[in-house]
Amino acid sequence: MSKYYLTTPIYYVNAAPHIGHTYTTLVADTIKRLKAMQGIEAYLVTGTDEHGQKIERAATKIGKSPQEYTDLISAEFENTWKQLGLAIDKSQRTTSPQHAAAVAKLFAACDAAGYIYKGSYSGYYSVTSEAFVADAKEGDVDPDSGQPLELVTEENLFFKLSAFQDKIIELHETNPQFLQPESRRNEVLAFLKNEKLQDLSISRTTVKWGIPVPEHPGHVFYVWFDALMTYWSAVEGTDLWPADLHLMSKEIVRFHAIYWPAFLMAANWPLPKRIYSHGWLLFEDNKMSKSRGNIVRATPIQQVMGFDALRYFLLREIPFGSDGSFSFDALVARYNSDLANGLGNLLSRTLSMILQYREGKVPAPVEADASAIPVALAHYENFEFHKALETIWRWIGELDKYIVENAPWKLAKDSSPEAQARLDAVLYRCFESLRLITALAAPVIPESAAKIALQLNIQGPLTWGHTPQGHPIGEISPVYPRLDAKVAIEQMKTLETEELARQNALLGKVEEAPLVNIPPIAETISIDDFVKVDLRVGQVLSAETVKGADKLLHLKIDIGEPTGPRTIVAGIAKAYSPESLINRKVVIVANLAPRKLKGIESQGMIVAASLEGGSPALAAFLEEVPVGARLK
Ligand code: MSP
């Protein structure tokens, strides 16, 4: 049996798992199951990233030692994956001694090859991203998380990343499969061609919570040098390296597509074969993350609807690679339409008819169209899960139509040999199609597919005509009961609150207020001063990213002026995707002097609340408001 080694990122233990982490992990689980279908034994590694300043501080904040704290949270991750039934082969912790020894080996190999030197460094460090932010100055915030930066000056060990610029460009140019999807590859290549890679500080002397650097007392390894090595250390001593696939979402693609291959090239170790970087799961238009406080957990959903409902929803709804929104309403709607009314209904109809008309025995095989099988498999192969599921569910729709057109309940009442032969054909086609549909969907909905397979009482290959004449069906029972959306959502939200309280109690934490460091109120002004500010309701007509500025969006906003929409450049790209802003009503400072940002003249400013760390939340209205209305 051939092997396939795939990984998820190793998750930071500063927060318990939410459906953002679950998303990557369940995709990895789905890919593992797809490989098994092809006779390939896949090995799935996940884990926890437990070192670094961020974790040290999170532990101190709740009065625990870093080790106590990481033990608690890494167990939360492992238990969650177990509870969700994810087929994980190994959860690697960066605090394991075997991992520490592997990191030391990577360091020794890079050092022996001449890629390590001692130097001093001064720069602005982001604790949330655990990375120095290039060209930052005092008062700047982390462009990814919006959190404040800290000035750090240290004597450090450096990795000669600059020596790998051309080699990494060549890697991406000659091997387009190395980083996918294509859009992400283009971004990384553009970055590599426009920016000079700086050498990377790979040790810290101001942080204690890390893997000690051998022969350099006082130094611990920089977390990313430590973390990336998990992919290797998790399978050390086996024949699984190089990895076939690393999965992660887009904010950490550069660490994987630039640093990681550079470390491995320096050590002269084989590179992973493929990196796939998917999009963000958004909740109410924002990236779901702990710092935004908009987290949803998977286990409450599992308790009310079954985990397959969430797996199906995420893979059917969001093209893998793109950002996509999660909402409880959409989740329940998909479940009811596709699982309860779609697959579930076809199953119960088909089996009850076979029971009623043929004493529970499948009639003789007939030929029928099963061309959806290769189409769905090809989509799966390209990680186009939504298209694979669309293809499979189209097949279900065709069968529903076929049943209505043939009206088997009428055929059953007609004892002529022609009618009975047609009824046999209808029942066989529905049964055999269901067997194949279930097998095709099983990697996405494994638990319920297993229940369906029990009722069909047969599995078998992905080829038409495997079920023999006279095959006895199993016991019939409902697999996807229809849900009342309001009741189900209420139940999930209640369980979600309970789960949050349990996690907080576990960590001895009190509820975090969403806003910290409320700035003092500014100097008093008169009404005459205030009316000088012309605030207007605007509507976003278009939004796009600004080349070379990952914080900025270039917006066209209609504020009702006869001269047409305004061009406004706003620093909100980290909090809002361009698509999520289209048609949105916003508040504009309409009489602000124009200023140029990245060569574009911004004719006004968009109003937003500044959350913790400077992350923006756009001002909005609960009532319908006309474009151009003045705020006063
Ligand atoms: N510890 C680093 C990764 C080191 S890998 C050698 C890290 N950890 S993390 O806890 O922040 O996890 C980030 C990963 O979790 C993302 O890359 C993605 O796989 C998953 N996700 C977390 N939130 C997510 C969304 N809201 N949407 C999609 N995936 C998300 O970064």
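Residues are numbered from 1 along each chain as its sequence is written, and side-chain values use heavy atoms, with hydrogens and water left out. Since the model is predicted, local features need pLDDT of at least 70 and side-chain atom pairs count only at pLDDT 80 or more, while totals for chains, interfaces and linings use all residues.

## The ligand and its surroundings

Around the ligand there are 24 residues, of which I10, Y12, T24, D49 and L281 come nearest; a residue is taken as near if one of its heavy atoms lies within 4 Å of the molecule. The polar atom pairs listed here can be read against the definition of a polar contact, which is a pair of N or O atoms within 3.5 Å, where within protein one must be able to donate a hydrogen and the other to accept it, and where residues adjacent in sequence count only if both atoms are side-chain atoms.

| Residue | Atom of the residue | Atom of the ligand | Distance |
|---|---|---|---|
| I10 | polar backbone atom | nitrogen | 2.8 Å |
| T24 | polar side-chain atom | oxygen | 2.6 Å |
| E251 | polar side-chain atom | oxygen | 3.1 Å |

On its own the ligand has 670 Å² of accessible area, and the protein covers 94% of this (areas come from the Shrake-Rupley method with a 1.4 Å probe). By residue type the shell divides into 13 nonpolar, eight polar and three charged residues, where Ala, Val, Leu, Ile, Met, Phe, Trp, Tyr, Cys and Pro count as nonpolar, Asp, Glu, Lys and Arg as charged, and the others, Gly among them, as polar.

S233 belongs to helix α8 (residues 230-233) and is buried, with a relative accessible area of 1%; buried means under 20%, exposed over 50%, and partly exposed in between (1.4 Å probe, protein chains only). Its side chain makes a polar contact of 2.8 Å with the side chain of Q92. When neighbours within four places in sequence are left aside, S233 is in contact (heavy atoms within 4.5 Å) with Q92, Q98, H99 and A102.

S602, in strand β21 (residues 600-602), is buried at a relative accessible area of 4%. A polar atom of the S602 side chain lies 3.1 Å from the backbone oxygen of G604, and, not counting residues up to four places away in sequence, S602 touches T567, I568, V569, P594, R595 and L597.

## Aromatic pairs

The structure holds 31 aromatic pairs. Rings of Phe, Tyr and Trp (its six-membered ring) pair if their centres lie within 6.5 Å, and planes under 30 degrees apart count as stacked, over 60 as edge-to-face and the rest as tilted. The rings of Y231 and W260 have centres 6.2 Å apart and planes at 65°, so this pair is edge-to-face. It links distant parts of the chain, with Y231 in helix α8 and W260 in helix α9 (residues 253-267), 29 residues apart. Y231 is buried at 3% relative accessibility, and W260 is buried at 0%.

The pair of F326 and F328 is also edge-to-face, because the centres lie 5.2 Å apart and the planes stand at 80°; F326 and F328 are both buried. Ring pairs also join F107, Y115, F159, F164, F221, W224, F225, F255, Y259 and F263 into a cluster.

## Helix α17 and backbone features

In helix α17 (residues 446-456), the buried residues include P446, S448, A449 and I452, and the buried residues of this helix pack against α1, α11 (307-317), α12 (328-358) and α16 (417-441). Just after α17, N457 takes a positive phi of about 65°, and this residue is partly exposed, with a relative accessible area of 38%.

F383, which is not a glycine, likewise has a positive phi, near 60°; F383 sits in the loop between α13 (372-381) and α14 (385-406) and is buried at 5% relative accessibility.

The peptide bond from Q180 to P181 is cis, with omega near 0°, and P181 lies in the loop between β7 (179-180) and α6 (182-194). A cis peptide bond also joins W241 and P242, with omega about 5°, and P242 is found in the loop between α8 and β11.

Note on methods:
Helices (H or I, at least four residues) and strands (E, at least two) are DSSP runs, numbered from the N terminus.
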